[in-house]
Amino acid sequence: MDIKSMTIAQIADVLRELGQPAYRAKQLYSWMHVQLATSYDEMSNLPKALREALAESYPLTVLTKVVRLDSRLDETKKYLFRLPDGNVIESVRMEYHHGVSVCISSQVGCRMGCSFCASTLGGLVRNLTPSEMLEQVYAITRDMGTRVDNVVVMGSGEPLDNYDNLLAFVRMVTDENGLHISQRNITVSTCGLVPMLRKLADEDLTITPAVSLHAPNDELRKKLMPVANAYPIPELMDAAWYYAEKTGRRMTFEYSLIDGVNDTPALAKQLAGLLRGHPAHVNLIPVNPVRERNYRRSLVKNVLQFQKMLENEGIHVTIRRELGSDIDAACGQLRRHYEESKQELKV
Ligand code: SAH
């Protein structure tokens, strides 16, 4: 395991083998996770010989910024980062009235196969390590010089398909010895891996869950999301309410609106029927068109009508505010275009 993915106890074991006292573990942890050091040279209160030994055997995971796209309309920044093994991932920094939010990727690519999503087009390459998830937050903090208040795991990848690393990441980013972001300010979005959602409910965490629903019946949902074949809506809803009950958190359901596909009044009514009487919130997302697919985003009047119908049934609804719409390529498109242009250069 790379040292930036280790707990303080695990680091203490490493240091003990190097003949170091236990208190050094906390110092090293703090350099990595509070000062956000990118090299051992910066760790001035560690003995030089120790820094050299660590640099030799435990290289620090650091992300390299490949590009940063700055919105001209607002403060949104979209980053493409290179991982130590050469793969690239995307992250986004957004400013809201309640602070700075960073949207991170949890995998390189994705194997869930949702038909409207660009991240899954090339399949899954690999899981991200805890340190690679942390580093997206750290690299953006270093780049901008301001604290990150909220983390949303809604970039490329299915976080619950990378369960153990996700959990280690959540524990570390909320740790009082690290950035100490409140658990409530961490949102994890899943396409609906039911057993993993139930497992997460039992972890004794207060992170905010989000379920990508996108259709209120299995027939339509199966066309959009292959995961619906494995976990039908009744099982998914049971798991969602179980989560809400265990954690006291309201469930957010994401619903990306695709013109003529899932945005009709009849479907809004059906959706309301699933949620009525439960602690639910719906986040409507006008779909981002992906070049390789021919989906169009719903007309504004249909989005508003869909919202109104849900509200009339007593459901709490928001429409995702469009930040950075000028750089708002759908998740995964920046990475895709980058990989394609590299291919073209090779020929
Ligand atoms: N795998 C997780 C996180 C994915 S991205 C999940 O499925 O929840 C976060 C949200 O964006 C998900 O709801 C996903 O379905 C949605 N999404 C993906 N591609 C989109 C697109 N082109 N337009 C609008 N929403 C999209």
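This is a predicted model: local features need pLDDT of at least 70, side-chain atom pairs count only at pLDDT 80 or more; totals for chains, interfaces and linings use all residues.

Q: Let's go to the ligand. How many residues surround it, and which are the closest?
A: The ligand is surrounded by 19 residues, and the closest of these are S189, S212, H214, S256 and N288. By class, this shell is made up of 9 nonpolar, 8 polar and 2 charged residues.

Q: Which polar side-chain atoms lie 2.9 Å from a nitrogen atom of the ligand?
A: One belongs to E158, which has a polar side-chain atom 2.9 Å from a nitrogen atom of the ligand. Another belongs to S256, where a polar side-chain atom also lies 2.9 Å from a ligand nitrogen.

Q: How much of the ligand does the protein bury?
A: Taken alone, the ligand exposes 530 Å², and the protein buries 94% of that.

Q: Which elements give two or more residues to the shell?
A: Those are strand 8 (186-190) and strand 10 (251-257). As for T190, a polar backbone atom of this residue is 3.4 Å from an oxygen atom of the ligand.

Q: Now helices. Which residues of helix 10 are buried?
A: In helix 10, which covers residues 265-275, the buried residues are L267, A268, L271, A272 and L275. They are on the same side of helix 10, because they cover an arc of only 145 degrees around the axis.

Q: Why would residues spaced like that point the same way?
A: In general, an α-helix has 3.6 residues a turn, so residues three or four places apart point the same way.

Q: What is on the other side of helix 10, and what do the buried residues pack against?
A: On the other side of helix 10, A266 and K269 are exposed. The buried residues of helix 10 pack against helix 7 (218-224), helix 9 (233-247), strand 10, strand 11 (280-286) and helix 11 (300-312). Following helix 10 there is G277, whose phi is positive, near 85 degrees.

Q: What about helix 1, which residues are buried there?
A: Helix 1 runs over residues 8-17, and its buried residues are I11, A12, V14 and L15. Here the arc around the axis is only 160 degrees, which puts them on the same side of helix 1. The face turned away from that buried side carries the exposed residues A9, R16 and E17, while the buried residues of helix 1 pack against helix 2 and helix 3.

Q: And what comes just after helix 1?
A: Just after helix 1, G19 takes a positive phi of about 75 degrees.

Q: Switching to strands, where does M94 lie, and what is it in contact with?
A: M94 lies in strand 3, residues 88-96, and counts as buried at 14% relative accessibility. Leaving aside its neighbours within four places in sequence, M94 is in contact with T76, G99, V100, S101, C103 and L323.

Q: S101 is on that list of contacts, so where is S101 found?
A: S101 is found in strand 4 and is buried, with a relative accessible area of 4%. Its side chain makes a polar contact with the side chain of N150, at 3.3 Å.

Q: And C103, where does that lie?
A: C103 lies in strand 4 too, which covers residues 99-103, and C103 is buried, with a relative accessible area of 10%. Beyond its neighbours within four places in sequence, C103 is in contact with S91, V92, M94, V152, M154 and G155.

Q: How far apart are C103 and E90?
A: They are 13 residues apart in sequence, and 8.7 Å apart in space from C-alpha to C-alpha.

Technical notes
Residues are numbered from 1 along each chain as its sequence is written. Side-chain values use heavy atoms; hydrogens and water are left out. A residue is near a molecule or strand if one of its heavy atoms lies within 4 Å of it. A polar contact is a pair of N or O atoms within 3.5 Å; within protein, one must be able to donate a hydrogen and the other to accept it, and residues adjacent in sequence count only if both atoms are side-chain atoms. Accessible areas come from the Shrake-Rupley method with a 1.4 Å probe; for residues, only the protein chains shown count as cover. Helices (H or I, at least four residues) and strands (E, at least two) are DSSP runs, numbered from the N terminus. Ala, Val, Leu, Ile, Met, Phe, Trp, Tyr, Cys and Pro count as nonpolar, Asp, Glu, Lys and Arg as charged, and the others, Gly among them, as polar. Buried means under 20% relative accessible area, exposed over 50%, partly exposed in between (1.4 Å probe, protein chains only). The arc is that of the directions from the helix axis to the C-beta atoms. Contact means heavy atoms within 4.5 Å.
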